[in-house]
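Here's a quick walk through the model, one piece at a time. Keep the structure open while you read.

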Amino acid sequence: MKGRAISALVVVSAFSSHAQTPTFSSRLEAVRVDVLVTEDGRPVRGLTPADFDIRDQGVPQTVDLVSFEQIPLNVVLALDVSDSVSGDRLDHLRVAGRTVLGRLAKTDQAGLVSFNHVVEVRAELTDNVAHVQAALAAVEPAGETALVDGSYAAMVLAQPAAANARRGLVIVFTDGADTISWLTPDRVLDASRRTDAVVYGVIVRSRNKASFLHELSDRTGGGMVEIESTKDLADRFVGILDEFRQRYLVSYTPRGVSAGGWHRLDVRIKGRRVAVKARAGYLSGQ
Amino acid sequence: MSTKVSDSIVRLAIVAVICVAQFAAPHAQSTADSPRPPSRRLSRSEHLQEWLQAVERHEPGRDDESLSVFDSWRPDDFEYLAIDLNTLLSLMADPTIRTFYWSASGRSRQVVYSGSDLRLILSLARDASERRGEDSVGLERRRARNRNHILKRGAIFHTDIAIESIIGVRQRGRQAPSRFQEFMLQMPDGRAQGLAVDVGHWEFARSLLDKVVPAAARDEFVRRWYTTIAALEQGFGQLSPPHVTHGLRLFPDDAGFLFQAACLHEALAEPRVQEALQNAAVPNDVKFDISSRRAELREAENLFRKALKVQPDHLEARIRLGRVLGLRGEHAEAEGLLRKAAADAMEPLLQYYAQLFLGAERETLGDRAQARDLYGRASQLYPDAQSPRLALSLLSARDGNHKEALAAMKTVLALPGDARMDPWWSYYRAQGRKAADDLTELYISFLDEDRR
C-alpha cells in the first residue's frame, strides 16, 4: 500500500449484502470512488454495481463493489477560529460542531482541526465523541486565517489508513480568505488528487473569494455551501453529513489503463438521467 | 521605549494597517484674505509656544505628559501650528523680516498676524535663536543648529505620539486637521474594516525634517529616522506608502532604506492586502498608493536589486529578493540567491527563511529530495514551527505516502498553539524586528550631539 494510500483499496472479501458492513482490504491496483447520485435533489438508493458506468481515462471499468451507508466514517471538522469568528459566530460554530458530532454512529470516528494562523489538531481520530466535543468547546478565536494549511491537515487526518475500511469526510468552515498559510493552494490541490477523503466547504459569503475551497471540494468530489449567516450552521453541517451518508462507495480494479499518472474519472448511471458527483480523478504511482 | 515598543510589536503582530497621508487642498490657511481667527482659549502664537515647550520638555522615547499637549487642540490649531512654526523659522533666519509667506500645494500666500501674536512669535524666535548663543561657532552654523534642534526634536516628539497611538497608549480618532490627516485602513484577519482617520503625526514629522538645513537628504539623523520609521511601522504591521515614497525621494541610494521600501512593496503584493483593498469601501478622494500584485512584486524586486547593488552583502535583501523572484516565476535565479544566502546566514531567523524558501524553490524545480532536506533543516532551527512540518508532510502526501504525511505534521500540530512559534507568521513584520533598538540608538545619538 505504500505510496498508494490515496486511491488503492480493493475488495478482498465478496460483496456483502446491504444489511452487513462490507469488508475492504488493500491491494495495489484497486480504486475506490465516493459517488453521490441524486435525482431532483434527492439521493437515489438501491443501485448495484451493474448500474454504474465508470470510465478510467475513458476506458470502461467493471465495478467490483458498491456499498451504501454501511461503511463507518472518519469525520474531521476543520474550523476557522481566526479573529473574525467571534461572538454569535463562534457560538453557532460550536453548536454546529456538537450537533454533527452527536449524529455520528458508534462505529464512526471524529477528529478536530482548528486553524487561525496556528493549525492545531485538537482531537485525533477517535470514537470518543465526547472528547472531540470537549476540544471544540475549548477553542477561542484569535489571529489570522491559515485556510490552506488547515484544510490540508484535516484532509491528511481524515484519510483512511490503508487497511481501514472507512470513508473520510472533511467539513471545512471558514468565514474569510486565507491570510497566512505557508502551503500554496496549487500544491495542496495537487496532493488532494491522492486522497480518498471528500472535502465539503462551508463558507460565510463575503466579498473575499474562496476559490481554493471551491476547487478543493470540487476535486475531491465534495461540495460547497455558501451561507449568509451562521445562524443555521448546525443544519448545514448535518445536511452535509446526511448527504455524505447517502453516497455510494464504488470500487473497481483498473483495467486497460496505464499504471501511473493522473487518471481522469467519468462516473455515470446507466440508463438514468440523474446527477452524479464524484472526484474528478486520481493520481497513481510516484 | 525600546522594551515597550518591542513588546508591542509582538502583541500587535497580526493586525495589518494600510496608511495613506491625505493631502487635501489647503483651506482656511492663514492668509491675508482669509484669516480665520481661532475661537478658543489660546491664541495661535500661544499654541506655538505651547508646542515648543512640549517639544523641549519631552524626553525622547518616554511616555510623558508633554505628549498630551494636543489633547485640548482643535484641528485648526494643528494647521496654524505648521504655518506659525514656519514663521518662527523664518524669523530665526532673519529677525528683521515682517512679511511672512506660507506655501502649500505650490501656492504661496501671505500670512498676517495680529500685533500680540507677532510679538510673541518674535519673542519665541529670539529665544530659540539664543539657545546656542554662547557658542563660539559662526552665526550661520549657530542658526542652522538651533533651527535643526527644533525640527529634529519636533520630529521626535511627533514620532513618539504616533508610536503611542499604534501601541494603543494614546487614543486615535481625534478630529484630524485637513492638511495633516492620515487615513488608516484596518485589515484584521485580511478583512477591510472601515477607515480610521487620525492626526498625521508621521506626516507632520516628515514635514519638519524636510526643513532641516543644509539639506534633509544629506542629514544623517534624517536618513536614519526614515529607515528606522519605515522598519518600525512595518514591524507594527502598518503599511505606509507615503513614508516610503517620500523617503525614496530623499534617499534613493541608501541600502537600508531601499531594503525597507522593497519590503513594503513585497507586503503590499500579498493577496490578503490586495483583496482587502479591492473590497474596501473608501471615499473617492482617498487613494492608497498601491498597485496590482504583479506591479508591487516588480517594484519590490527592483528595490531589492538596488539595495543589493549599493550593499552586495545585504543578506536579508538577498533572501527576500530570492523569494520575490520565486513568486514571479524566476525560479532559477531565486534558487541561486537563496542557496548563497542559506550558506551565509548566521542568524537563525534568516537561516530559517532561507532554508524554507530554498526548499520551496527546489520543490518547484522538481527536486523533492533536496526540498525535503531543506525543510528538515528549517524544522531543526525552529522545532515547533508548523510551516516546514506541513511542507514535509505535503511532500509525502504528493508521493502518496499517507503514513509519513500524517507523521510529519502530527508531532507539531498536536502541540498547543500558544506553545508554538513559527517565524513564517511574522515574515512580513520581521524586517522591523530591530527597529525599536535602532530608534533608541537614534535618540541617544541625537541627544549626545545636541548636548555638544
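In chain B, 69% of the contacts with a separation of 6 or more come from residues 24 or more positions apart; two residues are in contact if their C-beta atoms, placed from the backbone, lie within 7 Å. Keep in mind that this is a predicted model, where local features need pLDDT of at least 70, side-chain atom pairs count only at pLDDT 80 or more, and totals for chains, interfaces and linings use all residues. Residues are numbered from 1 along each chain as its sequence is written, while chains are lettered from A and ligands numbered from 1 in the order in which they are written.

Of the 452 residues in chain B, 49% are buried (20 or more other C-beta atoms within 10 Å of the residue's own C-beta). Chain B has 18 helices and six strands, taken as DSSP runs of at least four residues (H or I) for helices and at least two (E) for strands, numbered from the N terminus.

Now for one helix pair in chain B. The axes, which are lines fitted to C-alpha atoms over the stretch in contact, with angles running from 0 to 180 degrees between N-to-C directions, belong to H12(B) (residues 315-327) and H13(B) (residues 331-344); they come within 8 Å and cross at roughly 150°. H12(B) and H13(B) therefore count as roughly antiparallel (over 145 degrees). Among the residues making the contact are B:Leu315 and B:Leu325 of H12(B) and B:Leu337 and B:Asp344 of H13(B).

Over in chain A, an open sheet of four strands runs in the order S6-S5-S15-S17, with antiparallel pairing; strands pair if DSSP finds at least two bridges between them. Strands S6 (59-61) and S17 (281-284) of chain A are at the edges with a single partner strand each, so one side of each has no neighbour in the sheet. On average, neighbouring strands here are turned by 30° against each other, direction ignored. S5(A) (residues 52-56) pairs with S6(A) over three bridges, and A:Arg55 has A:Pro60 as its bridge partner in S6(A).

Finally, the two chains touch: 35 residues from chain A and 31 residues from chain B take part. These elements of chain A each supply at least two residues to that side:

| Element of chain A | Residues |
|---|---|
| Strand S10 | 119-126 |
| Helix H3 | 147-158 |
| Helix H4 | 185-192 |

The chain A side divides into 14 nonpolar, eleven polar and ten charged residues. Ala, Val, Leu, Ile, Met, Phe, Trp, Tyr, Cys and Pro count as nonpolar, Asp, Glu, Lys and Arg as charged, and the others, Gly among them, as polar.

Note on methods: Parallel < 35°, antiparallel > 145°, perpendicular 65-115°, else oblique. Buried ≥ 20, exposed ≤ 12 C-beta atoms within 10 Å, placed from the backbone.
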